[in-house]
Amino acid sequence: MSRVFNFSAGPAVLPEPVLRQAADEMLDWHGSGMSVMEMSHRGKEFISIHAQTEATLRELMDIPADYKVLFMQGGAIGENAIVPMNLIGRTGRADYVLTGDWSKKSHKEAKTYGQVQVAATAESSKFTAIPKQAEWKLDPGAAYVHICSNETIGGVQFHWTPDTGSVPLVADMSSDILSRAIDVRKYGLIYAGAQKNMGPSGLTVVIVRQDLLGHALPITPTAFNYKLQAEADSMYNTPPTYAIYIAGLVFQHVKKMGGLKAVEEHNRAKAKLLYDLLDASSFYRNGIAREDRSLMNVPFWLKDETKNEAFLKGAEARGMLQLKGHRSVGGMRASIYNAMPIEGVQALVQYMKEFESQHG
Ligand SMILES: *Cc1c(COP(=O)(O)O)cnc(C)c1O
């Protein structure tokens with residue numbers, strides 16, 4: 001068996017020990033005589049898996065008791081509608097900060113559900129930097145302020161937490177949740193699709209402060225009503241059981257790695273290898289403001305774009321896959337989520353140096 005270095009933006013690489021454990025437990029989970037996939041979500045086995053998954057996440061992220069953790073479906077794109085449906089009703093208005101493709105998408109979707117304002121946009125820098133807080137025009141009557149903490153396509157990331165006063169901060173953390181320690185108390189709601197840093201696709205994690213529940217618009221589908229899901233322990237409808245189980249194994253793995261502080265250090269070391277190379281090179285460029293560079297998704301371009309195909313082919317021959325940039329921006333993108341080992345980044349950096357010396 002040979003495993004590649006998978007630089008996919010998502011679904012993405014998972015920790016090998018997690019995949020091994022899942023394989024070991026595939027036919028018979030802990031003597032139950034069943035695969036987790038075959039279990040009733042109401043049975044005691046799955047209820048214990050669910051409870052353990054939530055408890056480990058709460059411990060890792062230090063989630064306060066007055067926050068609910070919901071395991072839902074629909075992905076982050078689903079949440080782009082589910083968030084306003086549940087939260088905007090309090091005042092009818094919401095602020096969005098635009099930092100790239102994903103936050104633009106969130107903003108566009110929210111317009112259907114209320115009065116939505118752009119509080120700040122990085123459009124003038126072509127989304128290569130996060131707008132400084134001093135430039136934000138926040139509406140004190142907004143029901144929430146929405147940000148995307150890490151723009152998976154553009155490669156910009158918040159390295160500071162916005163201060164939105166008493167207006168709840170909502171963050172799409174799909175591509176950087178669990179990659180670093182954050183203070184959950186500074187957020188009203190955090191949502192993330194699982195398939196970047198937590199597990200398989202199909203699971204969406206929502207962390208929401210309890211007092212924000214109960215303002216859902218009447219059109220909200222019951223399965224997407226946070227309050228109903230919170231009251232039902234995310235079992236109002238059948239939750240994505242197998243994805244919850246795998247996420248639980250990933251959470252335990254992250255705990256074994258030393259928790260989020262240790263993971264963050266590891267991620268910083270990996271990203272530094274790549275950015276140091278990009279900064280020293282005139283053959284490759286990144287183009288993102290230094291202080292806003294993503295530790296998770298590193299887009300880069302070859303100065304000579306006619307060499308793109310050759311670059312990708314050579315990478316593939318060395319077992320490094322999915323380096324092609326998003327179709328909307330072109331170039332290359334190395335997604336280096338938690339589960340990408342430093343050896344993968346070292347191999348990429350080595351290859352990039354060799355390619356430069358051959359083609360530069
Ligand atoms: C991947 C991603 C999404 C889209 O997630 P879906 O699961 O396709 O809904 C949204 N936002 C961010 C930041 C992402 O990285």
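Where is the place of Leu178? Leu178 sits in the loop between β8 and β9. Strands here are DSSP runs of E with at least two residues, helices are runs of H or I with at least four, and both are numbered from the N terminus.

## Model and conventions

This is a predicted model, in which local features need pLDDT of at least 70, side-chain atom pairs count only at pLDDT 80 or more, and totals for chains, interfaces and linings use all residues. Residues are numbered from 1 along each chain as its sequence is written, and side-chain values use heavy atoms, with hydrogens and water left out.

## Annotated domain

An unreviewed UniProt entry carries the annotation "domain: Aminotransferase class V" for residues 4–348. UniProt positions follow the numbering used here, feature names are shortened, and annotations may be inferred rather than shown by experiment. Over residues 4–348, the chain is 32% helix and 17% strand. The end C-alpha atoms of that stretch are 12 Å apart.

Most residues other than glycine have a negative phi, and most peptide bonds are trans. Leu178 has a positive phi, near 70 degrees, and is not a glycine. Leu178 counts as buried, at 2% relative accessibility. Buried means under 20% relative accessible area, exposed means over 50%, and partly exposed lies in between (1.4 Å probe, protein chains only).

Asp233 also has a positive phi, about 55 degrees. Asp233 lies in the loop between α5 (226–231) and α6. The peptide bond from Gly10 to Pro11 is cis, with omega near -15 degrees. Pro11 belongs to the loop between β1 (5–6) and α1 (16–24).

## Salt bridges

Side chains of opposite charge can pair when their charged atoms come close. The whole structure holds 18 salt bridges. The criterion is a side-chain nitrogen of Lys or Arg within 4 Å of a carboxyl oxygen of Asp or Glu.

One of them joins Glu59 and Lys255, with the closest N and O atoms 3.3 Å apart. This pair links distant parts of the chain: Glu59 is in helix α2 (residues 44–61), Lys255 is in helix α6 (residues 241–256), and 196 residues separate them. Lys255 is partly exposed, at 42% relative accessible area. Another salt bridge pairs Asp62 with Arg185 (3.5 Å, N to O). Asp62 lies in the loop between α2 and β2 (67–72) and Arg185 in the loop between β8 (169–172) and β9 (189–193), so the pair ties together parts 123 residues apart in sequence. Asp62 is partly exposed, at 46%. Arg185 is partly exposed, at 46%. Arg185 also bridges to Asp183, with the closest N and O atoms 3.5 Å apart. Asp183 is partly exposed, at 31%. Arg3, Glu16 and Arg20 are linked in a salt-bridge network.

## Positive patch

Lys105, Lys108, Lys111 and Arg327 form a positive surface patch. Patch residues have over 30% relative accessible area and no salt bridge; like charges are joined within 9 Å, nonpolar side chains (Val, Leu, Ile, Met, Phe, Trp, Tyr) within 5 Å. Lys and Arg count as positive, Asp and Glu as negative; His and the chain ends are not counted. Lys111 sits in the loop between α4 (101–110) and β4 (115–121). Lys111 is partly exposed, at 48%.

## A buried loop residue

Phe127 lies in the loop between β4 and β5 (145–148). Phe127 counts as buried, at 12% relative accessibility. Phe127 and Val156 are 29 residues apart in sequence and 7.9 Å apart in space, C-alpha to C-alpha.

Technical notes:
Areas by Shrake-Rupley, 256 points an atom, 1.4 Å probe, with all protein chains shown as cover. Charge placed at Lys NZ, Arg CZ, Asp CG, Glu CD.
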